[in-house]
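Q: I am new to this structure. Please show me how to read some of its features, one at a time.

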Amino acid sequence: MSFIKEAKFISADPAWGSTAPKFKKNFSISGRIKSAELQISALGVFEAFINGERVGEDVLAPGWTEYYSRLLYRSYDVKSLLSTENEITVGVGCGWYASAMMGRESLGNPALIAALLITYEDERSELLVTDESWLVAKSEVTYTDIYNGEVCDGRIVPRFDSHAQALDFNKNTLTATDGELIMEVERIQAKRLIKTPSGETVIDFGQNLTGYLEFSVNGKSGDTVEISHAEILDKDGNFYTENYRGARAKLIYTLRDGEQTYKPHYTFFGFRYIRLDSYPGVVNLENFTAIVVHSDIKRTGFLTSSNAKLNKLFDNIIWGQRGNFLDIPTDCPQRNERCGWTGDAQVFCRTANLNFNCNRFFKKWLRDLAAAQFEDGGIPRFVPHTQPSCHMASAAWGDAATVVPYEHYMAYGDKDFLKEMFPVMRGWVDYIESHSENYIWVGGNHFGDWLGLDAPFGSYKGSTDEELIATAFFYHSAELVAKAAHIIGADGSHYEELLPKIKAAFNKKYIENGKMKCDTQTAHVLAIHFGIAENKVSLGKRLVELIEDAGDTLKTGFVGTPYLLDALTEIGRADKAYTLLLQEKFPSWLYSVNQGATTIWEHWDGIREDGSLWSSSMNSFNHYAYGSVAAWVYRTAAGIRYDESAPAYKHFVLEPKPDPRLGSLSARIMTVHGEIASEWRYEDGYVRYNFTVPEGTVATVKIGEKIEELGAGKYTRCSK
Ligand code: BGC
């Protein structure tokens, strides 16, 4: 039952600026309590306490949504925290709402809304709500901002000497939390103390991560601790922060007397290293802990092989996801973006659903995407958006509207949710159609094959023709809408009819004498993988040539990379896909591993072979997009593939593609039915396979020409 709307939004004096206000209310209990539920939300992020005890374990609540449509509230059972006389205090930091985020200023003053429903054993009930009777004080957190960090004065004791003000905000936006809570998931002890060549005191945590630092310090009142964050050290071993761009990413703490411990309350950072710009006393590594923070998604996918570097890549992909699944799928967690870039999610969602259970996570984000969809069906570049004036829809980015819901259905089989998303999917394809001429999407504001290595000098966009990419995605998304319509029993005939028309237009415009006019790897990959090209075989040959001409390396960016190994497999060249997967020289996945990466880089050449860095304007070392290669390893190398007609792995295919250059591979995924495993190993000239098929499912196992249907159980097979 929702009762939070009985409460008022309350805020502090707007003149307090970025100081986090703390709200307080005292109340008494008049009987034996049967239940006590606190429903609470904020414009900003909150931390609530009852009688000094923290309410709930989640942090950065209520997260980031399309606030003008959906403001989530949390519900907590607080019975055990109550006694006869009580005090509830709630701190509210700026969070995403009241910090300036990419493309917009703060949306307003931080505010709180809460209602506590107490039901007594004698069936009486009382409702305590936020209103102007609550007191408010300036807290010890004197500045808080998502990009810039936090400033805290440990000497301040809040003085509740004024009353909160009521704030007008649409309460119809209040929605029960439908995503995962954001949690402190792991604590990592400081690993190494470094004196850099330029004399800085730096601490290395050994892992690029998202979260915040907790430190202890002993000093006297007025001493300060000042800490900066970084992902890497530069070529010379100095602390490097330029790639954070405008995000100051700092912690500043002023001490009271004695021993004290501090961690930020309302923000987070992406970092591996910290620099102590000021710290009183001796630096002891034991006093520094990194707390890993992300949405409480549970791990479901595991990959291991006989190749240690590949295993490190798998590990980096997992860390890339952990670092960027903080309430929304962000592009990166460190610089002044940290936005739900739609293209990045589109590219990575299949891998994401294999690695972790993202059922609730994506549902929540997709509902925000639905809320953010423009009236004409266009999809903003990132979600949450909240930039009403910026109407830009881009190919492969907006296609998150079709790809993410479809992949969600394949992974979790929730038909009602697919139905809920269907109008959004259809709206997007209608938008493309309305921008197309003779079935070619013309014009538009595209990102092209973002960060492709075949980009002309000075450009972020690879050389693949933007309209070609846009039209290929038109085809792909129309096909997904047609399939979704079939699944939910809606009329998809228009989209089915579109397919041959787009195909004909694409082949006419972009293919001449059996050759792609746009001679890039990505153009070939899309034409092959989306099934648009009529002459897959000759295009396949050319794709292989392009790779070989590049010394067996890739040149693809955000658009081509996720499907590159699939396209090679589809033309019968899984061997070439392995060549790229196992490639160690630049550019490749394992190149970054050799360079010491602990997450996935935004750029293939984030750190160049000579140790120099790609331009600081766009050089994240925690960008999950290229981690999308894991989907190929699960689905093709290990061969675990869902059957589109029996989602959530009710029926699935096991069709491993072993390669002797990789001695063994093991893939396991936890599905709603239980664990599916596919393992292979080269042994004495044979390949030995182990499979696990969970209860209630059937697998079609394909090894060479041999096909069998297997029910639940464990199986061993062998082939030459
Ligand atoms: C982001 C990307 C995003 C892109 C749009 C960048 O600044 O970090 O990951 O998709 O902009 O092209």
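A: In strand 3 (residues 33–43), eight of the eleven residues are buried, so strand 3 is largely enclosed by the rest of the structure. Buried means under 20% relative accessible area, exposed over 50%, and partly exposed in between (1.4 Å probe, protein chains only). Strands (E, at least two residues) are DSSP runs, numbered from the N terminus. This is a predicted model, in which local features need pLDDT of at least 70 and side-chain atom pairs count only at pLDDT 80 or more, while totals for chains, interfaces and linings use all residues. Residues are numbered from 1 along each chain as its sequence is written, and side-chain values use heavy atoms, leaving out hydrogens and water.

Q: Which way does strand 3 run relative to strand 8?

A: Two strands pair if DSSP finds at least two bridges between them. Strand 3 and strand 8 (residues 111–120) run antiparallel, joined by ten bridges; Leu 43 has Ala 111 as its bridge partner in strand 8. Strand 6 (residues 71–77) is also antiparallel to strand 3, with four bridges, and there Glu 37 stands opposite Asp 77.

Q: What is the nearest side chain of opposite charge to Asp 145?

A: Lys and Arg count as positive, Asp and Glu as negative; His and the chain ends are not counted. A salt bridge needs a side-chain nitrogen of Lys or Arg within 4 Å of a carboxyl oxygen of Asp or Glu. Asp 145 is buried without a salt bridge, and the nearest such side chain, Arg 248, is 6.8 Å away. Asp 145 lies in strand 11 (residues 141–145).
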